[in-house]
Amino acid sequence: AHDREALFFKANEAYKAERFQEAAQAYEQLIDSGPVGGDVYYNLGNCYVKLRHFGLALLNYERARVLMPRDADLAYNSSYALKQTLDKISPERHFLDNAFFWTDSLTLLEAGLVFAIANVLFWSLLLMRLWRRSEWSFYALLVFAAVWFVSGAALGWKWYGLTHDSRAVVVVDEARVLAGPDPQDTLLFKLHDGAIAIQERREPGWELIRVSKDKRGWIREDQVKSIRRTGEPSLLSE
């Protein structure tokens, strides 16, 4: 723990001294050493903005957003980095994302807390009605039953969205997207640093990505990075 604190201090001092590459390396080391808070991903994103690596900046801002979704500075800096990218791609949203839009501003833990509170209120009211039945408690029970159901469904969708996030960010200046997983295949289109796409499947050394319903192709796996860190519980539990 002491070593990690020292590494965090070292990264912060390097950033203040405008040694952004050194700071980025220290933050990366800290992330690789174990679970971190959203502030570390945010600080790392800021380093990459200063280094003008906007793909890596957006990658870490999106990871930070999972842990601190209401942070105003994060929202502003992420918006700035996005404006520096060449490819303007509208993010895909499932209709349930729109139905449970309010969970965008909650962490998974907070969404769970909302459901837990709704659960306690619903069952408490139900038990109370076993002892005393009244008209007001009947209508209150209906309301809390609806809240309990919606908050439970929202929690489930929030968890599913985080654990199945298949978005990836292009992290090179220019990436060729091909018709097949072979360098000799037909060039379909190009993507640039910071473009966000959906990963569909993998072949050795290659990723099949989608940027819209009718626009997909193969890209080298070293040219994109997944927003969801595989096997990284900290992005869900911090």
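The expected span of a helix is 1.5 Å times one less than its number of residues. Keep that rule for the second stop; the model on screen is predicted.

**Whole chain.** Start with everything selected. The chain has 238 residues, of which 42% count as buried. Its secondary structure comes to 9 helices and 7 strands. Viewed along its principal axes, the C-alpha trace spans about 75 × 50 × 30 Å. Of the contacts between residues at least 6 apart in sequence, 58% join residues at least 24 apart.

**Helix α7.** Select residues 108-131, which form helix α7. With 24 residues at 1.5 Å a residue, α7 should span 34 Å, and the 35 Å between its end C-alpha atoms agrees with that. Now show side chains: L108, A111, A118, F122, L125 and R129 are buried in α7. When reading such a pattern, recall that an α-helix has 3.6 residues a turn, so residues three or four places apart point the same way.

**Helices α1 and α3.** Next select residues 2-16 for α1 and residues 38-50 for α3. Two packed helices are described by the angle between their axes and the distance between the axes. Here the angle is about 30° and the axes lie 11 Å apart. Angles under 35 degrees count as roughly parallel, and α1 and α3 are therefore roughly parallel to each other. The crossing of α1 past α3 is left-handed.

**The α1 and α3 contact.** Which residues of α1 meet α3? On the α1 side they are F8, N12 and Y15; on the α3 side, D39, V40, N43, N46, C47 and K50. The residues of this contact divide into 4 nonpolar, 3 polar and 2 charged.

Conventions
Residues numbered from 1 in each chain as written. Predicted model: local features only at pLDDT ≥ 70, side-chain atom pairs only at ≥ 80, totals over all residues. Heavy atoms only, no water. Axes fitted to C-alpha atoms, helices over the stretch in contact; angles between N-to-C directions. Helix = DSSP H or I, 4+ residues; strand = E, 2+ residues; numbered from the N terminus. Parallel < 35°, antiparallel > 145°, perpendicular 65-115°, else oblique. Left-handed = near helix turned anticlockwise from the far one by under 90°. Contact = heavy atoms within 4.5 Å. Nonpolar A, V, L, I, M, F, W, Y, C, P; charged D, E, K, R; others polar. Buried < 20%, exposed > 50% of the residue type's maximum accessible area, 1.4 Å probe, protein only.
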